[in-house]
Amino acid sequence: MRDNPLYNAVLDGDARGAKAAVEEALAIGADPQDLLSSYMIPAMDEVGKRFDDGEYFVPELLISARAMKAGMELLRPLLAETGAKPVGTVVVGTVRGDLHDIGKNLVASMLEGGGFKVIDLGVDVGPEKFTAAITEHHPDIVAMSALLTTTMPGMKATIEELTRAGIRNSVKVMIGGAPVTRRYAAEIGADAFSESASGAVREAKSLLNA
Amino acid sequence: MNSRQRFNAVMHYQRRDRSPIMDFGFWDETLVIWQEQGLPKGIDPDRYFGMDPQWITAPVNVQLCPSFDFKVLEDRADTQIVVDNEGVTKEQGKFLGSIPRHIAHTLVDRTTWEKEFKWRLDGHSLARFPHDWEEYTLKQSSGKRDYPLGINAGSLYGWIRNWMGLEAVSVLVYDDRRLFDEMVETIADCILAALKRALASGIQFDYALMWEDMCYRAGPLLSPRIFKETLVPHYRRITQLLKEHGVDVVVVDCDGDITKLLPLWLEAGVNTMFPLEAGVWQADPVAYRERWGPDLLMIGGVGKRILAAGTDVIDAEVERLAPLVEAGGYIPTPDHRVPPDVPFANYLHYLRAARRVWGNNLSNLAPMLSNIQPTSSGADDKFAWHLG
């Protein structure tokens, strides 16, 4: 894999290199889906692994996600033509009362890099807004972030609202954020928890058996 | 033994009568909620809770000077859109402890750096010192000071992160490393110039205080490699100057999991970690001392969650930390501002346990729960420092 220029460009966070590699590959007739699934997503998987291993940090995550995005801008219209589907769709947002968006943005970038379609609801998102987005977009997963112990209850309130609205079983719920723990996720009935952006991709794929 | 002697004794592993009793402050919401639980209104928390003199620093401005003009752009129901003193347009809660959401930054590239920021980082500017600096100097040099006095020593990464936003500074280190390095060097030059004048005044500072907040639950926001290449040499310049003037306690305020950066800070002469945020990664001052030995000084480390958990858990933690407090080089405080889910009764229980076990219940502890109204006395010695 390391001898493939597209894989290397994404892994090294080289956006121009990724774009050039996609253009060159397409010019010689490469299959867009193959470029995505054989090189770009594996490169982002490796980025996540290196992050987990303490070899990559936030800057390296971000430049790799940017390189992925540069390549995807060329591939997306071609993939749409062939009817190729994303790995899954995820609605993300920071819960009500919380304006913090850095962690949520990192998770969104990494999910996109992992082949997911991401619908970002932003910050200070109340249960009713999550519910409306789920009804509208029919995502596979809803991912909630909270920075503060005082805003964490917004996650529980959202899950309760999904249950009240009768759509809890139609979507998987994933949570994360500085004070959030696996135990808290279990307590409030979330399906998954991640303590990092790269872990969120892994958990999301695991939820969908992707 | 006065507060200054006690602070210096503990930070140099010398004999002392007791530990300083200090805190990190409270969320605004916490004090309001505590008022419903018995906290009198209108009190000065430091005095009410019987804190030793704490976090007092000289009125030397090492930051952007002049700062940007603060403006309210839009007043919403629960939030405001403002331009802050660092040129950041952000949405901030009117009554929320949440970190504000950055919307736009004045600093985006080399052009804005040179046009809007560089000139505000002239460390020689006399505007960095109050008009009565000479008078202040005379007063502080008299040898009568009975409390520890610090000097602000700035921030080499945290400020840039604030000015640009995390995502922009993160990609900058790859897109234009020269600019990033230049920013760090310019800031360090500014801090050094201001510090030189402050240190030449003859005031004997007891500690220096830096702020970075460059870690989170998964570790540092910047790789240790880049940290070492770009930041460490400038930390070293600052700590060397401080050391030449007898300041050998250099505190860095950094939330999050600092484990990967800690040895590099020590290498650079930044030797006091604060607030040792326990967090879900279980930072523990006892484990840190075992791992890094006595060269590592520490302030903080009492988990917020422990304060919320209940009296038995609080008592156990106070007792657990007691041998480390006794050994020296460590002042226990809550590991961040106390959040509103800590009951008032729990905090009082914690304070009483701390005063009994770490403070040896001595009569020289400041009185607790005395209903002293806010006062401006001593304010001339204080300079607001962002403990974040």
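Visitor: At what angle do helix α1 and helix α2 of chain A pack, and how far apart are their axes?

Guide: This is a predicted model, by the way. In it, α1(A), residues 5–12, and α2(A), residues 15–27, pack at an angle of about 160 degrees, with their axes 8 Å apart.

Visitor: What makes α1(A) and α2(A) roughly antiparallel?

Guide: Set the angle against the cut-off. Angles over 145 degrees count as roughly antiparallel. The angle here is about 160 degrees, so α1(A) and α2(A) are roughly antiparallel to each other. Their crossing is left-handed. On the α1(A) side the contact is made by P5(A), L6(A), A9(A) and V10(A). On the α2(A) side it is made by G17(A), A18(A), A21(A), V22(A) and A25(A).

Visitor: Which residues have the most contacts inside the largest nonpolar core?

Guide: They are L6(A), V10(A), A153(B) and A208(B), in a core of 164 residues. Helix α8 of chain B, residues 177–200, gives the largest share, with eleven residues. The core also draws at least three residues from each of domain 1 and domain 2 of chain A.

Visitor: What does A153(B) touch?

Guide: Leaving out residues up to four places away in sequence, A153(B) touches a list that includes V62(B), I191(B), A208(B), L242(B) and V250(B).

Visitor: What are the two domains of chain A, and how many residues does each give to their contact?

Guide: Domain 1 runs over 5–82 and domain 2 over 89–207. Their contact takes 13 residues from domain 1 and twelve residues from domain 2. On the domain 1 side, α4(A) gives the most, with seven residues. The centres of the two domains, taken over C-alpha atoms, are separated by 25 Å.

Visitor: How many residues of chain B are in contact with chain A?

Guide: 27 residues of chain B are in contact with 25 residues of chain A. On the chain B side, α7(B) gives the most, with six residues.

Visitor: Why is Y13(B) called partly exposed?

Guide: Count its neighbours. Buried takes 20 or more C-beta atoms within 10 Å, and exposed takes 12 or fewer. Y13(B) has 13 C-beta neighbours inside 10 Å, so Y13(B) counts as partly exposed.

Visitor: Where is Y13(B) placed, and what is it in contact with?

Guide: Y13(B) is in the loop between α1 and α2 of chain B. Leaving aside neighbours within four places in sequence, Y13(B) is in contact with P294(B), G328(B) and G329(B). Also, the C-alpha atoms of Y13(B) and A322(B) are separated by 15 Å, with the two residues 309 residues apart along the chain.

Note on methods. Residues are numbered from 1 along each chain as its sequence is written. Chains are lettered from A and ligands numbered from 1 in the order in which they are written. This is a predicted model: local features need pLDDT of at least 70, side-chain atom pairs count only at pLDDT 80 or more; totals for chains, interfaces and linings use all residues. A nonpolar core is a set of buried Ala, Val, Leu, Ile, Met, Phe, Trp, Tyr and Cys residues joined through C-beta atoms within 7 Å. Helices (H or I, at least four residues) and strands (E, at least two) are DSSP runs, numbered from the N terminus. Domain bounds come from an automatic or database domain assignment. Two residues are in contact if their C-beta atoms, placed from the backbone, lie within 7 Å. Axes are lines fitted to C-alpha atoms, for helices over the stretch in contact, and angles run from 0 to 180 degrees between N-to-C directions. Angles under 35 degrees count as roughly parallel, over 145 as roughly antiparallel, 65 to 115 as roughly perpendicular and the rest as oblique. A crossing is left-handed if the near helix is turned anticlockwise from the far one by less than a right angle, and right-handed if clockwise.
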